[in-house]
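Welcome, and please open your viewer. We will go from stop to stop, selecting a few residues each time and looking at what surrounds them.

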Amino acid sequence: MTITESKFYELWLNNIQGIGGATSKLLISHLGSAEDVFKSSPTQLKKVSGIGEHTIHSIGISKKYLKKIDLEVQKIESANVRVLSYTDDEFPKRLKYQKDSPYLIYVKGKAKGLYAKKTIGIVGSRSANYYGKSVTNKLIEDLSKFKDISVISGLAYGIDIQAHKSSLSYKVGTIGVMANGLNKVYPSIHKNTALEMIKDDNSGLITENLMDAEPDGPKFPARNRIIAGLSDVIIVIQGKKKGGALITADIANSYHKEVFAVPGQVNDELAEGCNNLIKYQKARIYTSADDIIKMMNWDIQEKNNTQKTLFDTSDLSKDELSIVDLLKENEYHIEELAIQLQTPIPKLSGFLLQLELRGIIRLKPGNIYSLK
């Protein structure tokens, strides 16, 4: 990827210490672009609600990062990596509207699975045993009958790497979310699998970290929020009482995503985390792929994709017809619908409610709307 001038400014903004994704998005929503942020005076920056003196000072002294950004650009271009900011059309819609989503992500490979109509996050113990791996493999085998589905995981030991390997085996797109930069695969033993993922059109690797960033403690929970954000549903397959898989499940719950967990024997350390998720009603019990398929209405969606619209649209208003026509092509977050239709959200919500009451559309977790 050749880094454009506008992308350079986005990388620059993304690399200012103390300015995270939320602040970057706030600045751009008020000022227009990353370039406009740097061209704004301190007085103009002060007018942005929520922006304090510390942030303004950080922007002001950020020229010292320019050599670092130049070097980063060289690494990105030489590694054929794409950089997507949240203002880009290609930025995954599932991430775009999460309040704590990254402002910018790095993508290696075509990674078409980022835009699949159905996504499932598969996470679990790094020390998974044969049972956990076999459950993972069987789940992906059963899901491979669906079109346009992808598996999201974290390229870690155990359940994660099994999910990626099984996906490649059954020709299901799979996305590896990394807690480090794309210039290195961590753990290194998974390098060959990562290379296979990059070569597969529907698969790939993504991260929010600099090209040479090393994995450390804070980066793993940050990585887990991206897994949760990209997934329509999360399943935890084996997990100890504490661990990254449980963190991912908690984040998914906070995003109002569906969460499943595979139960296990009460005296099995690898099942303790899953059993607790079920016990405290933080996850639904998983017994087979049908549990997920039925909960997510994926069978119904597949049938709808091969049938003509059967509901009566003769008495719909012009605004309601516009919504239905848009949802025939894809599902949309309410904010994306508002942008596409150029309709304020309060007014749009009324139309959506009427269509939902009539059984024409359905509201999915995360304020996503689709045709029924």
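Start by selecting Ile28, which is buried, with a relative accessible area of 6%. Here buried means under 20% relative accessible area, exposed means over 50%, and partly exposed is in between, using a 1.4 Å probe and protein chains only. Before going on, note that this is a predicted model, where local features need pLDDT of at least 70, side-chain atom pairs count only at pLDDT 80 or more, and totals for chains, interfaces and linings use all residues. Residues are numbered from 1 along each chain as its sequence is written, and side-chain values use heavy atoms, with hydrogens and water left out.

**Stop 1: around Ile28**

Ile28 sits in helix α2 (residues 21-31). Helices (H or I, at least four residues) and strands (E, at least two) are DSSP runs, numbered from the N terminus. Now show what Ile28 touches: not counting residues up to four places away in sequence, these are Leu13, Ser33, Ala34, Val37, Thr87 and Tyr103. Contact means heavy atoms within 4.5 Å.

**Stop 2: the nonpolar cores**

Which residues have the most contacts inside the largest nonpolar core? Select Leu11, Leu13 and Tyr106: they are the ones, in a core of 68 residues. A nonpolar core is a set of buried Ala, Val, Leu, Ile, Met, Phe, Trp, Tyr and Cys residues joined through side-chain atoms within 4.5 Å. Then move to a second, separate core of 24 residues, which includes Leu139, Phe146, Ile149 and Ile159. In soluble globular proteins, nonpolar side chains tend to be buried together.

**Stop 3: a covered helix**

Next, select helix α9 (residues 159-169), which is mostly covered. How many of its 11 residues are buried? The count is nine, and among them are Ile159, Ala163, His164 and Leu168. To see what the buried residues of α9 pack against, colour β3 (118-124), α8 (130-143), β4 (149-153), β5 (173-177), α10 (191-199) and β7 (233-237). Just after α9, look for Lys171, which takes a positive phi of about 60 degrees.

**Stop 4: Tyr286 in a loop**

Select Tyr286, in the loop between β9 (284-285) and α14 (289-295). Tyr286 counts as buried, at 6% relative accessibility. Leaving aside neighbours within four places in sequence, its contacts include Val135, Leu139, Ile235 and Phe260.

**Stop 5: two helix pairs**

Show helix α11 (residues 219-230) with helix α12 (residues 244-254): they pack at an angle of about 50 degrees, with axes 9 Å apart. Axes are lines fitted to C-alpha atoms, for helices over the stretch in contact, and angles run from 0 to 180 degrees between N-to-C directions. The contact is made by Pro221, Asn224, Arg225, Ile227 and Ala228 of α11 and Gly244, Ile247, Thr248, Ile251 and Ala252 of α12.

Finish with helix α16 (residues 318-329) and helix α17 (residues 334-341), which pack at an angle of about 115 degrees, with their axes 11 Å apart. That makes α16 roughly perpendicular to α17, a word used for 65 to 115 degrees, while angles under 35 count as roughly parallel, over 145 as roughly antiparallel and the rest as oblique. To see the contact, select Ser322, Ile323, Leu326 and Leu327 of α16 with Leu337, Gln340 and Leu341 of α17.
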